[in-house]
Amino acid sequence: MSSHLLSKSSFIRGVQCEKHLYLYKYHYNEMDKVSEMQEAVFKRGTDVGKLAQQLFPDGIDASPKSAFEYSKAIAETKELIQKKQKIIYEASFFFSEVLSIADIVVNESGTLEIFEVKSSVSISETYLQDAALQYWVISNSGYKIKDFSIIYINNQYVRNGNLELDELFKIESVLNLILPMQDWVQEKVNRFKEVLRKKTIPSIDIGEHCHNPYICSFFQYCRKHIPDNSVFDLSGLHLDKKYDLYRNGIIKLEDIPDDVKLPKSAGLQLDVYKSKRNIIDKIAIKDFLSGLNYPVYFMDFETFQPAVPMFDNSKPYMQIPFQYSVHYKKSKESIPEHFDFLAEAANDPRVKFIINLLKITKGKGDIITYNKTFEISRLKEIAETFPEYNDEIQDRISRIKDLMLPFQKKYYYTNDMKGSYSIKYVLPALIPDLSYENLTINEGGLASIKFESLFYETDLIRIACTRTNLLEYCKLDTFAMVKLLEKLESL
Ligand code: SF4
């Protein structure tokens, strides 16, 4: 048996873009660096897959032991099926230079039922394409397939006590959807083999397809010719409009003709870029500031979203707050005081979090957040789950003001904000001495996966380091707000 030319993963890449398929096969080293966030997503997929195996206990794992042992794994799967092994995990099949590894196979005397596990909460078109390819490989390698299902996460499941796997997972047959796709799979496989046998990289330019269904793993590689301050940096402009400009040879911001119609925010961004004159609407800023009442509490939360609920009264992917930072200023002139809370990664952090937060924010004065929807939504969820705190939580919600507003409405806008009103752009633009760049944890998504990793970490030094980094990151979020408000007030 010759080695495989295509796999499930490369097939899906090929469906996205033939150049992606080619680069993945022959120029793997050019692939963009995999971020910690992406690694966490892969790990989550593996963990969910392992958990779903418990729906079909007592199976044998036939997964290849290394990237060089696919042939052995294919032979092992064949042997297990012949020996009437009922449940097989990670079963390998091969047909016409295509390798397919099925997550769970139920074998009834050679007739197979296939289950593919996904850590998402719905079935996407890509999952169907993936399933259709698997069906094509397995059925053509001589097996009768009774059914083909996708197992995915039921986002309405609420944990209470032990995990109920039958409730956590949904199992849906997709056989009727993938059978009509078999000719399409055959055509694609033929085409992809042709592409892979060529000596040159397919000549495909960047386009909307680079973003769909996933951001391509060669995104940076294919964009080396795009300069800074390009049409792709315009905020509020639809992707297809950006590519329309690009395809018309308009790449740099300064190349955009005056008669091109842009949404308000993108137009404003372009004006500031071209004129090099900042926008500072002092009247609107003064009006915003006059609505703030001292003392003020600058407040920020961090949350994590376990795919499999870890605590009672929580659902899959629910945002669980585990940390806050609060800076308190009694008056405009006073020096800010800092308070924070970071839960132990041991059990449900929500009750300790809310008790602590309510204590710190007791009393009068506005509570300032940056993008209040996030904090308000988390507070409402806690109030719903733990109604004994509802009255106090409603008081805190009624006092929340949003410091993002003057930047979102472009009362204050400079070219350095690059069209964004995220605090990650606004802060260095207005307070160049303060930046997230030097922090080990420098964005919320990373804070989330770092906290979740603490549940499994045993090395005390690593735990201490991560906790320090989390505290530093969240503290900067609220200190940044202190400085931004001071900057607005100084105007
Ligand atoms: S970045 Fe776009 S053009 Fe380049 S390989 Fe990926 S999908 Fe294809």
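Residues are numbered from 1 along each chain, in the order in which its sequence is written. Because the model is predicted, local features are reported where pLDDT is at least 70 and side-chain atom pairs count only at pLDDT 80 or more, whereas totals for chains, interfaces and linings use all residues.

## Domains and cores

The protein chain is divided into domain 1 (8-197), domain 2 (226-277) and domain 3 (284-490), with bounds that come from an automatic or database domain assignment. The C-alpha centres of domain 2 and domain 3 lie 32 Å apart, and their contact takes 9 residues from domain 2 and 6 residues from domain 3, where two residues are in contact if their C-beta atoms, placed from the backbone, lie within 7 Å. On the side of domain 2 that touches domain 3 there are 4 nonpolar, 3 polar and 2 charged residues; in this classification Ala, Val, Leu, Ile, Met, Phe, Trp, Tyr, Cys and Pro count as nonpolar, Asp, Glu, Lys and Arg as charged, and the others, Gly among them, as polar.

In soluble globular proteins, nonpolar side chains tend to be buried together. The largest nonpolar core of the model has 55 residues, and those with the most contacts inside it are A102 and A131; such a core is a set of buried Ala, Val, Leu, Ile, Met, Phe, Trp, Tyr and Cys residues joined through C-beta atoms within 7 Å. A residue is buried if 20 or more other C-beta atoms lie within 10 Å of its own, exposed if 12 or fewer, and partly exposed in between, with C-beta atoms placed from the backbone. Helix 5 (residues 125-140) gives the most to this core, with 8 residues; helices (H or I, at least four residues) and strands (E, at least two) are DSSP runs numbered from the N terminus. Leaving aside neighbours within four places in sequence, A131 is in contact with E116, F148, I150, V174 and I178. A second, separate core of 48 residues includes F304, Y412, L470 and L485.

The axes of helix 1 (residues 8-16) and helix 2 come within 5 Å and cross at roughly 145°, where axes are lines fitted to C-alpha atoms, for helices over the stretch in contact, and angles run from 0 to 180 degrees between N-to-C directions. In this pairing, S10, R13, G14 and Q16 of helix 1 meet E18, H20, L21, Y24 and K25 of helix 2, and the residues of the contact divide into 2 nonpolar, 4 polar and 3 charged.

## Backbone features in loops

Most residues other than glycine have a negative phi, and most peptide bonds are trans. The table lists exceptions in this model.

| Feature | Value | Loop |
|---|---|---|
| Cis peptide bond, N212 to P213 | omega near 10° | P213: between helix 8 (182-197) and helix 9 (239-247) |
| Cis peptide bond, Y294 to P295 | omega near 0° | P295: between helix 11 (282-290) and strand 8 (296-304) |
| Positive phi, K84 | about 65° | between helix 4 (70-82) and strand 2 (87-95) |

## Two strand residues

I60 is found in strand 1 (residues 60-61) and counts as partly exposed because it has 15 C-beta neighbours inside 10 Å. Not counting residues up to four places away in sequence, I60 touches L80, Q85, I88 and Y89. I60 and S490 are 430 residues apart in sequence and 68 Å apart in space, C-alpha to C-alpha.

K170 is found in strand 6 (residues 169-173) and, with 18 C-beta neighbours inside 10 Å, counts as partly exposed. Residues up to four places away in sequence set aside, K170 touches Y152 and N154. The C-alpha atoms of K170 and S149, which are 21 residues apart along the chain, are separated by 9.8 Å.
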